[in-house]
Amino acid sequence: MIIHGDDPDPPPPTHRLRNTLRKIRRYHKGGSPRQHVVVLFGWLLIIYLVFRLQRYLLSRPSSPFLLCETPIHEQSHNIVLPHSPNTESLSRTWKTLQAIYDAHPPQPLELTLKSFKSLSDFPDLEDIKDHTHISKEDAEVTRNNHVQVTKKLLPYPNGLFSGQGIVMLAGGRYTGFATTGLGMLREVGSKLPVEIWVKDHAEENDEWCKELANEGIACRRLSDFMDTQLLEHGYQLKISSIFFSSFEQILFLDADNVPVRNPDGIFKSRAFTDTGVILWPDYWTHTGAPLLPYIVGLSDAASEVLRNDQTAESGQLMWDKRRHWKHYYTLISQGWAGWGDKDTFAIALQSLRQDFYMVPHKLVTLFVNGSSSGIGMLQADPTKPAAYEPMFLHSNIIKWSIRGFFCSGCANDEKDPVALSAWEDAGSSINSHLKEH
């Protein structure tokens with residue numbers, strides 16, 4: 001972090017840094033170590049964003065693109081760009097897999113779900129059992145189709161993938177969130193190449209991508225590899241970007257995930273080298289349909305075997321494609337809180353009897369100081385199994401972006417209208433903090 005303390009007429013946040021640090025010290029005189037970690041990282045991230053904004057304003061005061069959307073790194077880290085994926089070979093591989101999937105669809109093709117009694121209280125067993133109805137005939141057909149798919153999956157395509165790197169999805173408003181995460185990634189010292197994936201050209205920001213190239217970050221379009229009209233939900237973009245990425249070993253990060261420590265060492269950790277997969281825990285245990293273990297071959301009948309399993313939170317994910325190449329949303333969580341792609345990874349691994357590492361430390365919720373308003377989830381460093389140390393802030397509630405925090409007048413931007421920034425919105429849970437500090 002660079003603070004321009006000697007610059008003439010610095011913005012107001014510079015004058016308030018000393019008071020902010022005093023308040024942090026006062027708060028940390030009491031409380032548990034975990035409280036210290038949560039609050040300290042919250043304050044440090046806010047301070048970091050304020051001063052990064054100050055640097056941008058001082059260096060490029062005339063650029064509206066800069067003010068509202070994208071930071072300009074003043075110094076390249078000289079990281080080599082990842083090599084381009086083999087578009088033709090990967091597209092051909094995907095079409096072969098798609099034909100296998102299409103020939104063995106689950107039954108029924110669509111599920112009718114009852115409403116849970118509550119999305120705030122964990123559902124009881126009867127609620128889970130009654131939520132989804134599948135006939136015995138459909139379950140048998142789907143189980144058999146699943147067996148056929150796993151038998152026909154292609155062998156690992158040698159030569160298509162290589163090396164280690166980070167994969168992130170962006171596009172639309174998520175580009176602003178990704179900007180913060182990427183800036184922090186380089187700020188904490190990561191030297192890994194990065195691929196940013198967007199759905200298609202309409203989601204791509206050409207100017208932004210040109211700037212990222214100086215940091216060893218390449219932009220990719222899924223539409224260059226597949227028909228993205230087949231992707232009915234945004235969750236499907238994640239596994240697609242992992243599949244088409246040029247990297248063989250991947251750290252996937254959601255666009256709203258902010259690294260608070262250099263993650264490069266995870267690739268050499270025993271947790272990863274022993275298993276090839278690292279998953280991070282979510283808040284709750286499994287809410288999957290009792291027929292799920294039967295369909296994927298984990299039991300011989302409908303079962304509650306997954307009931308006490310820890311669910312995963314896929315805002316960050318480590319995956320070795322060579323070791324775990326062979327790889328139904330709704331059945332897995334049945335639409336309860338946190339549904340989506342996240343538990344497909346663990347279920348696929350269990351179904352294929354493949355090992356993975358689940359980080360043993362519970363996640364820590366980060367709150368806005370002095371309130372019960374959540375910010376996001378602090379996930380642990382998997383290279384430190386003996387004690388909790390934070391590695392990633394998955395800011396799934398308050399998204400960390402310069403535009404969303406500080407932009408003035410963005411709500412009137414015809415090209416990219418957004419709601420009032422937290423600086424403008426007096427009702428925002430972080431408005432007073434931004435203006436005070």
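**Briefing: sheet, surface and confidence of a predicted model**

Seven strands, in the order β3-β2-β1-β4-β9-β6-β10, form an open sheet with mixed pairing; strands are DSSP runs (E, at least two residues) numbered from the N terminus, and two strands pair if DSSP finds at least two bridges between them. At the edges lie β3 (217-221) and β10 (357-358), each of which pairs on one side only. The model is predicted, so that local features need pLDDT of at least 70 and side-chain atom pairs count only at pLDDT 80 or more, while totals for chains, interfaces and linings use all residues. Residues are numbered from 1 along each chain as its sequence is written, and side-chain values use heavy atoms, without hydrogens and water.

**Secondary structure and pairing**
- The protein contains 15 helices and 13 strands; helices are DSSP runs of H or I with at least four residues.
- Strand β6 (residues 277-279) runs parallel to β10, and 2 bridges join them.
- Opposite L279 stands M358 in β10.

**Burial and surface**
- Of the 437 residues, 52% are buried, meaning under 20% relative accessible area (1.4 Å probe, protein chains only).
- The accessible surface, from the Shrake-Rupley method with a 1.4 Å probe, is about 20,500 Å², and carbon and sulfur atoms account for 52% of it.

**Confidence**
- The mean pLDDT (the predictor's confidence in each residue, from 0 to 100) is 79, and 77% of residues reach 70 or more.
- Residues 53-74 have pLDDT below 50, and this stretch has 44 contacts (heavy atoms within 4.5 Å) beyond near neighbours in sequence in the model.
- Over residues 328-340 pLDDT stays under 50, and the model has 55 contacts for them beyond four places in sequence.

Key
Buried means under 20% relative accessible area, exposed over 50%, partly exposed in between (1.4 Å probe, protein chains only).
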